[in-house]
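Hi,

Here is the structure for your files. My notes follow below it.

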Amino acid sequence: MTQLLQLLALAAVEEAHAPAAAEAGHQAAEHAAEHGPAQVLMHHVLDRPFWGLEYPTRHLVFFLIVAVLVVLIVRLALRQYDSRRVPRGLGAAVESLVVFIRDDIAEKNIGHDGHKFVSLLCSFFFFILTAALFGLLPYSATSTGNLSVTLALATISFLAQQWGGISKNGVVGHFGHLVPAGMPVFLLPIMIPVEILSMFTKPFALMVRLFANMLAGHMVITALLMLIPLMAQIHVAAGLAIAPVSLLLALFIMMLELLVAFIQAYIFTLLTAIFIGMYVHPAH
């Protein structure tokens with residue numbers, strides 16, 4: 001009888017503590033879901049409120065900062081030009097990049113009409129490069145890692161492509177060149193939709209390539225740094241052992257990101273010039 005009473009008392013105590021234990025388990029599960037590796041990774045690479053404000057967001061703030069910074073850099077470079085001396089330092093660096101874009105990108109891919117698009121191509125190059133380099137600084141964000149920003153850049157590129165073709169060949173000539181001359185009539189229902197679709201796949205490729213490369217680099221760096229606390233949860237010694245490896249790999253990827261910044265700015269500018277040249281001087 002005494003054992004039965006003890007069992008009943010124990011069951012009553014467990015039943016009384018069951019809601020509290022369930023609540024604690026639920027809170028632990030919510031905490032793990034909010035602060036898990038995936039959530040921490042997305043928190044560092046995706047857009048989020050800036051200093052607790054719902055608007056503007058971090059990517060928008062740094063987008064505006066980079067835009068202003070590019071204008072200031074160009075204005076400072078222009079101030080070094082006069083008739084008495086050769087520009088040095090910042091002025092010489094900006095001049096070399098502008099000449100490279102004009103001679104090796106615009107004129108080589110668009111032809112003698114390339115001078116009309118030099119300012120646009122320079123804007124693409126300097127903005128993408130500055131945004132990528134600025135995003136490597138602590139507590140900053142890469143605005144070109146936002147799909148909305150790359151979509152806007154790709155849209156401007158698309159409009160420039162169409163304007164280049166229309167201004168050179170006229171509306172009828174521009175859209176008429178979408179179908180090769182001598183094409184059999186029975187292939188027109190297939191070729192016309194394909195050619196129209198290709199008009200949009202070009203800027204779409206620009207948008208996705210820039211977004212994916214900028215986002216991937218930051219995700220890799222964040223994932224490498226997260227190895228330290230994740231291994232420390234297993235054992236403190238494991239966290240200390242993986243720390244130098246994780247930091248060295250993250251530093252290597254950071255150095256690689258410097259190269260990627262120049263490459264992505266160059267590729268976006270080069271492909272835009274190539275696409276404009278395809279419409280200005282259609283091969284068929």
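L78 is partly exposed, with a relative accessible area of 46%. The classes run like this: buried is under 20% relative accessible area, exposed is over 50%, and partly exposed lies in between (1.4 Å probe, protein chains only). L78 sits in helix α3. Its C-alpha is 9.2 Å from that of E95, which is 17 residues away in sequence.

Before the rest, the ground rules. This is a predicted model, with residues numbered from 1 along each chain as its sequence is written. Local features need pLDDT of at least 70, side-chain atom pairs count only at pLDDT 80 or more, totals for chains, interfaces and linings use all residues, and side-chain values use heavy atoms, with hydrogens and water left out.

Confidence

pLDDT is the predictor's confidence in each residue, from 0 to 100. The chain averages 80. A pLDDT of at least 70 is reached by 81% of the residues. Confidence is lowest in helix α1 (residues 2-34), where the mean is 48. It is highest in helix α5 (residues 118-134), at 93. Contact here means heavy atoms within 4.5 Å.

Overall layout

The chain has 8 helices and 2 strands. Both kinds of element are DSSP runs, numbered from the N terminus: helices are H or I with at least four residues, strands are E with at least two. From the N terminus, the order is α-α-β-β-α-α-α-α-α-α. Of the 284 residues, 33% count as buried. Among contacts with a separation of 6 or more, 70% join residues 24 or more positions apart.

Helix α3

How far apart are the end C-alpha atoms of helix α3? They are 32 Å apart. The expected span is 1.5 Å times one less than the number of residues. The buried residues of α3 are R58, H59, V61, F62, V66, V70 and A77.

The α5-α6 loop

S143 lies in the loop between α5 and α6. S143 counts as buried because its relative accessibility is 0%. Leaving out residues up to four places away in sequence, S143 touches H59, F63, F127, A131 and V149. H59 is also one of the buried residues of α3.

Is M226 buried or exposed? M226 is buried, at 12% relative accessible area. It belongs to helix α7 (residues 188-234). The C-alpha atoms of M226 and A243 are separated by 9.7 Å, and the two residues are 17 apart along the chain. A241, in helix α8 (residues 236-280), is exposed, with a relative accessible area of 52%. A241 and M231 are 10 residues apart in sequence and 8.8 Å apart in space, C-alpha to C-alpha.

Cavity

The search used a 1 Å grid over the protein atoms alone; a cavity is a set of points where a 1.4 Å probe fits but cannot get out, and lining residues have an atom within 4 Å of a point. Points are joined across faces, edges and corners, and volume is the space filled by probe spheres set on them. The count is 1 cavity of 30 Å³ or more. The largest cavity has a volume of about 50 Å³. Its lining is D113, K116, F117, W163, G164, S167, K168 and V280. Helix α6 (residues 147-176) gives the most to this lining, with 4 residues. By class, the lining has 3 nonpolar, 2 polar and 3 charged residues. Nonpolar covers Ala, Val, Leu, Ile, Met, Phe, Trp, Tyr, Cys and Pro; charged covers Asp, Glu, Lys and Arg; the others, Gly among them, are polar.

Best wishes

Key:
1 Å grid on protein atoms, 1.4 Å probe; cavity = no way out; pocket = protein on both sides within 12 Å on 5 of 7 lines; lining within 4 Å.
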